[in-house]
Amino acid sequence: MSSDKEALETEDDFITADSEEAEPVVEPVKSNLSKRRTIDNLLEERRLQRQLADYDFDL
């Protein structure tokens, strides 16, 4: 490391992502909630099927 204070060269003309593509696509909240509910229902169904498979029917 140098103790001299040197001027750092910077490039002012760097290219950034296009501003049109930089904006995230926002999905409606309703569709996000319905997707989440569908996933939750599938997971719950799997859990219940596992419980049924593990259940001892020969009490």
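Analyst: A residue counts as buried under 20% relative accessible area, as exposed over 50%, and as partly exposed in between, with a 1.4 Å probe and protein chains only. The model is predicted, so that local features need pLDDT of at least 70 and side-chain atom pairs count only at pLDDT 80 or more, while totals for chains, interfaces and linings use all residues. Residues are numbered from 1 along each chain as its sequence is written, and side-chain values use heavy atoms, with hydrogens and water left out.

The protein has 2 helices and 0 strands, where helices (H or I, at least four residues) and strands (E, at least two) are DSSP runs numbered from the N terminus. The structure holds 2 salt bridges, a salt bridge being a side-chain nitrogen of Lys or Arg within 4 Å of a carboxyl oxygen of Asp or Glu.

One of these salt bridges joins Arg36 to Asp40, with 2.8 Å between the closest N and O atoms. Both Arg36 and Asp40 belong to helix α2, where they are 4 residues apart, about one turn of the helix. Arg36 counts as partly exposed because its relative accessibility is 46%, and Asp40 is likewise partly exposed because its relative accessible area is 34%.

Glu44 pairs with Arg47 in a salt bridge whose closest N and O atoms are 2.4 Å apart. These residues, too, lie in helix α2, with a spacing of 3 residues, about one turn of the helix. With a relative accessibility of 35%, Glu44 is classed as partly exposed, and Arg47 is partly exposed with a relative accessible area of 35%.

As for the surface, Leu52, Tyr55 and Phe57 form a nonpolar patch there, with about 380 Å² of accessible area together. Such patches are made of residues with over 30% relative accessible area and no salt bridge, like charges being joined within 9 Å and nonpolar side chains (Val, Leu, Ile, Met, Phe, Trp, Tyr) within 5 Å. Phe57 is placed in the segment after α2 (29–54), and Phe57 counts as exposed because its relative accessibility is 60%.

For the protein as a whole, 0% of the 59 residues count as buried. The protein exposes about 6700 Å², of which carbon and sulfur atoms supply 53%; accessible areas come from the Shrake-Rupley method with a 1.4 Å probe, and for residues only the protein chains shown count as cover.
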